[in-house]
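Biologist: I am new to this structure and would like to understand the words used for it. Could you take me through them?

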Amino acid sequence: MISVKHLYKKFGKLEVLRDFNLEFEAGSSYALMGPNGSGKTTLIKTILGMVIPDTGEIMVQGESIKGNFKYRSDIGYMPQIGRYPGNIKIGQLFTMMQDIRPEISEYDMELVEAFGLDTMMDKAMHTLSGGTRQKVSAALAFMFDPDILILDEPTAGLDPMAVEVLKRKIKKERQKGKLILITSHILSELDELTNHAIYIFEGKVFFNDSVESLKEITGEKRFSTAIARLMEWSIKKNPPQIKISHV
Ligand SMILES: Nc1ncnc2c1ncn2[C@@H]1O[C@H](COP(=O)(O)OP(=O)(O)OP(=O)(O)O)[C@@H](O)[C@H]1O
């Protein structure tokens, strides 16, 4: 569904992505992990066409994204920090986004209602708390029923009730056969929501395989301890027989 081939990206002298090769399939949910600054958001923004790679190719649903904007309508994106015009009201923002997508006549308003945003439509974005802004971002990511969901630290800043609502929604959409890609530093959340682990370190894909294989290779039963083991290996730079599969 998404294919990333030989992707390189530098910011000045900093090599952020070095020969990234990844395949993302429908119906799977991917945990994208790595230390702060390892390139997770850069990879996501490259897939979204917001960052232009130095070399390499990205295909979405079989088509190259180069010079192509249409593919973006297949992707629901929840950014780490949503930036919106301050004076716009929640209701106006939703209407504006809906107007940009005239081909869609039915909207998925499940999160709008579950988060109680339907009772706050007249509130201006600059008056909202950080968590409420996150709820707006989540509601927008799911509103157009996209085949692909890319969620960058989706639960950061949400209260525990909202976290549960969002997790339930992510699981439900995955069961419908959607492709889900999540970055998070909350390992318990990734354990619950994903079946495939990608760990990036110093600009390289260090591990890319199923969560099952991750546990088998590391000899750890729990997701969090398996990731801790991977981190240890990546820092020591001597992984014992690590298989980096490009599925
Ligand atoms: N537009 C930019 N210009 C220059 N450097 C950038 C730019 N965007 C990202 N970087 C650098 O690229 C590196 C990777 O950043 P990125 O945001 O992709 O990391 P991340 O893995 O998502 O980190 P975190 O876990 O902290 O969210 C960082 O060193 C960052 O400072």
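This is a predicted model: local features need pLDDT of at least 70, side-chain atom pairs count only at pLDDT 80 or more; totals for chains, interfaces and linings use all residues.

Biologist: Which residues surround the ligand?

Modeller: The shell is made of Phe11, Leu14, Val16, Gly34, Asn36, Gly37, Ser38, Gly39, Lys40, Thr41 and Thr42. Two or more residues each come from β2 (14–24) and α1 (40–47). The largest share, three residues, belongs to α1.

Biologist: What makes up the shell around the ligand by class?

Modeller: There are three nonpolar, seven polar and one charged residues in the shell.

Biologist: What is isoleucine 182 in contact with, leaving aside its neighbours within four places in sequence?

Modeller: The contacts of isoleucine 182 are Ser29, Tyr30, Ala31, Leu32, Leu151, Pro154, Leu190, Leu193 and Thr194. To be listed, a pair needs C-beta atoms within 7 Å.

Biologist: Why is α4 called largely enclosed by the rest of the structure?

Modeller: Because eleven of its 14 residues are buried, α4 counts as largely enclosed. Among the buried ones are Thr132, Gln134, Lys135, Leu140 and Phe142. The cover over the buried residues includes β6 (75–78), α2 (90–100), α3 (110–114), β7 (148–152) and α5 (160–175).

Biologist: How do you know that α4 has close to the expected reach?

Modeller: From its first C-alpha to its last, α4 reaches 20 Å, and at 1.5 Å a residue the expected value for its 14 residues is 20 Å. After α4 comes aspartate 145, with a positive phi near 50°.

Biologist: Which residue has a positive phi of about 50° although it is not a glycine?

Modeller: That is glutamate 153, in the loop between β7 and α5.

Biologist: Why is glutamate 153 called partly exposed?

Modeller: Glutamate 153 has 19 C-beta neighbours inside 10 Å. Buried needs 20 or more and exposed needs 12 or fewer, so a count in between is called partly exposed. Glutamate 153 therefore takes that label.

Biologist: What makes glutamate 202 partly exposed?

Modeller: Glutamate 202 has 16 other C-beta atoms within 10 Å, so partly exposed is the label. Glutamate 202 sits in the loop between β9 (196–201) and β10 (204–210), and its phi is positive, near 45°.

Biologist: Is isoleucine 52 buried or exposed, and what makes it so?

Modeller: Isoleucine 52 has 9 other C-beta atoms within 10 Å. The limit for exposed is 12 or fewer, so isoleucine 52 is exposed. Its place is the loop between α1 and β4 (55–60). Isoleucine 52 and lysine 9 are 43 residues apart in sequence, with C-alpha atoms 7.9 Å apart in space.

Biologist: And isoleucine 2: buried or exposed?

Modeller: Isoleucine 2 has 22 other C-beta atoms within 10 Å, so it is buried, the cut-off being 20 or more. Isoleucine 2 is in strand β1 (residues 2–11). Not counting residues up to four places away in sequence, isoleucine 2 touches Phe24, Ile47, Val60, Ile148 and Leu179. The C-alpha atoms of isoleucine 2 and glutamine 80 are separated by 21 Å.

Biologist: One last label. Why is lysine 171 called partly exposed?

Modeller: Lysine 171, in helix α5, has 13 other C-beta atoms within 10 Å. Exposed would need 12 or fewer, so lysine 171 is partly exposed. Lysine 171 and threonine 194 are 23 residues apart in sequence and 9.0 Å apart in space, C-alpha to C-alpha.

Definitions and conventions
Residues are numbered from 1 along each chain as its sequence is written. A residue is near a molecule or strand if its C-beta atom, placed from the backbone, lies within 6 Å of it. Helices (H or I, at least four residues) and strands (E, at least two) are DSSP runs, numbered from the N terminus. Ala, Val, Leu, Ile, Met, Phe, Trp, Tyr, Cys and Pro count as nonpolar, Asp, Glu, Lys and Arg as charged, and the others, Gly among them, as polar. Two residues are in contact if their C-beta atoms, placed from the backbone, lie within 7 Å. The expected span of a helix is 1.5 Å times one less than its number of residues.
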